[in-house]
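This briefing is intended for a reader with the sequence and the model at hand.

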Amino acid sequence: MNSKSERTDWFLDARYGMFIHWGLYAIPARGEWVRSFEKISKDDYQGFFEEFNPTQYNPREWAKVAKAAGQKYVVLTTKHHDGFCLFDSKLTDYKATNTPAKRDLIEEYVSAFREEGLKVGFYYSIIDWYHEHYPAYGDRIHPMRENEKYKDKNIDFEKYLEYMHGQVKELLTNYGKIDIMWFDFSYDDMTGEKWKATELISMIRDIQPDILIDNRLGGNIKASKPEIYAGDFYSPEQIVPPEGILNENGEQIPWEACITLNDNWGYHAKDKNYKSPKQVIRTLVECVSKNGNLLLNVGPDAKGIIPEESLDILAEVGKWMKRNGDSIYGCKAAELTKPEWGRYTQNGNKLYAHVFDRGIGPIYFAGLRGKIKKARLLSDGSELKVQTPWMAEQYSDIEGGAFITLPGARLPDESDTVIELELMEE
Ligand code: FHN
């Protein structure tokens, strides 16, 4: 088995992935928490199971979208909190193969994305609102948390754990090499060994030694000696950590911010509050500039179609990635103060200046005087001259700084104009 740093090499290189939340909840189309928010009973939710038939599901199309977007890996919900399994689990009847879909949706997903050359991940909810031995009454989030009928139910949580561990074993045995296991989520006392996490991780490592695991089984991934189940990467959600993520020893640890395109993970027909391509590009750059990854979510509808708005954003960002991907893939934080005009990313002796705000006059690179071998506009490879113009020479404090004057008053790309600076060998 590779060490944690060897395991995460590809992940830190990839930087950008697609998250997919999809399941029965796409039919009510009010987000993936609809059962909990609306306290929907199992019987009332059963109708969606009997109806689920995503006639337009074509993961090869999804994979092509992800590839064109510049995404290098993907994580799909194999089971979300509602307990519905997109895969043909032998441990339950509550699965896609028993719906009108009559398909193992995961099997098709894995082969389609592998065919496009993406790394493949499984999201798996350790929370399960369907399983009879998962705590319901009095739980903080279970749909039946206030239903008196569940008050005296005799549950055996051990039976749920046997089921949950068994399903993880199915997922990591039946679908070939899987690159990421994305567990979701621990809360209150439902954490760590409550899930028999050490036993679970040992089983996982036996089957798929190099799989990456997130930190949501519990434990403290930032500890100087984290628990075996504390994970390979930290998983901030709907936020880019202000300072990146360091452990107790002050060392950078791998992290991945998962972010929605609108305000919902699962399909929500009325949620039109989409981020702009510019926001997505700048969020991706911010993650990489702080040594992190971005896992960007789409929520396909009940037919299996990714919403048009999501497709448009992904395509726009993909165009930017096609020209500027060198400033993302394999890059990390630069050891330079964040500049006023944007952010830096770096890969070896290539320093990438992501210019968001043009200001007026030349772009100023503090501390880089005499350190830049050459400069290019990354999008088209055109030469940029590193020179101190008269207005800087006579009227500016240029101690140690370098200047590049971009042609024209506006940025070539208002979302993010990237200047590739090849630094002098030290
Ligand atoms: O409750 C889930 C939510 O539905 C979604 O899956 C996100 C994605 O990371 N995780 C949990 C909320 O933290």
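In α6, the buried residues (under 20% relative accessible area, with a 1.4 Å probe and protein chains only; exposed means over 50%, and partly exposed lies in between) are Phe157, Tyr160, Leu161, Tyr163, Met164, His165, Gly166, Gln167, Val168, Glu170, Leu171 and Leu172. The model is predicted, and local features need pLDDT of at least 70, side-chain atom pairs count only at pLDDT 80 or more, and totals for chains, interfaces and linings use all residues. Residues are numbered from 1 along each chain as its sequence is written, and side-chain values use heavy atoms, with hydrogens and water left out.

- Helix α6 spans residues 157-174, and its 18 residues reach 25 Å from the first C-alpha to the last, close to the 26 Å expected at 1.5 Å a residue. That expected span is 1.5 Å times one less than the number of residues.
- Helices (H or I, at least four residues) and strands (E, at least two) are DSSP runs, numbered from the N terminus.
- The cover over the buried residues of α6 includes the strands β2 (73-79), β3 (119-125) and β4 (180-184), together with helix α7 (197-207).
- At the start of α6, a side-chain oxygen of Asp156 comes to within 3.0 Å of the backbone nitrogen of Glu158.
- Just after α6, Gly176 adopts a positive phi of about 75°.

- Ser89 belongs to the loop between β2 and α5 (105-115). Ser89 counts as buried because its relative accessibility is 0%.
- The side chains of Ser89 and Gln167 are joined by a polar contact of 3.1 Å. A polar contact is a pair of N or O atoms within 3.5 Å; within protein, one must be able to donate a hydrogen and the other to accept it, and residues adjacent in sequence count only if both atoms are side-chain atoms.
- Leaving aside residues up to four places away in sequence, Ser89 touches (heavy atoms within 4.5 Å) Lys95, Gln167 and Glu170.

**Cavity and pocket**

- On a 1 Å grid over the protein atoms alone, a cavity is a set of points where a 1.4 Å probe fits but cannot get out, and a pocket is an open set with protein on both sides within 12 Å along at least five of seven lines; lining residues have an atom within 4 Å of a point.
- A search of the whole structure finds one cavity of 30 Å³ or more. The largest cavity holds about 90 Å³ of space.
- The largest cavity is lined by 16 residues, and those closest to its centre are Asn262, Tyr274, Gly299, Pro307 and Ser310.
- The largest pocket holds about 800 Å³ of space. Its lining has 32 residues, with Gln252, Asn291, Lys332, Ala333 and Glu335 nearest the centre.
- Both α1 (4-14) and β8 (342-347) supply at least two residues of that pocket lining, and α1 gives the most, with four residues.

**Two exposed loop residues**

- Glu335 lies in the loop between α9 (308-324) and β8. Glu335 counts as exposed because its relative accessibility is 83%.
- Glu335 and Lys373 lie 38 residues apart in sequence, and their C-alpha atoms are 18 Å apart in space.
- Glu243 is in the loop between β5 (212-213) and β6 (255-260). Its relative accessibility is 70%, so Glu243 counts as exposed.
- Between the C-alpha atoms of Glu243 and Thr77 there are 29 Å, with 166 residues separating the two along the chain.

Terms used. Points joined across faces, edges and corners; volume = space filled by probe spheres on them.
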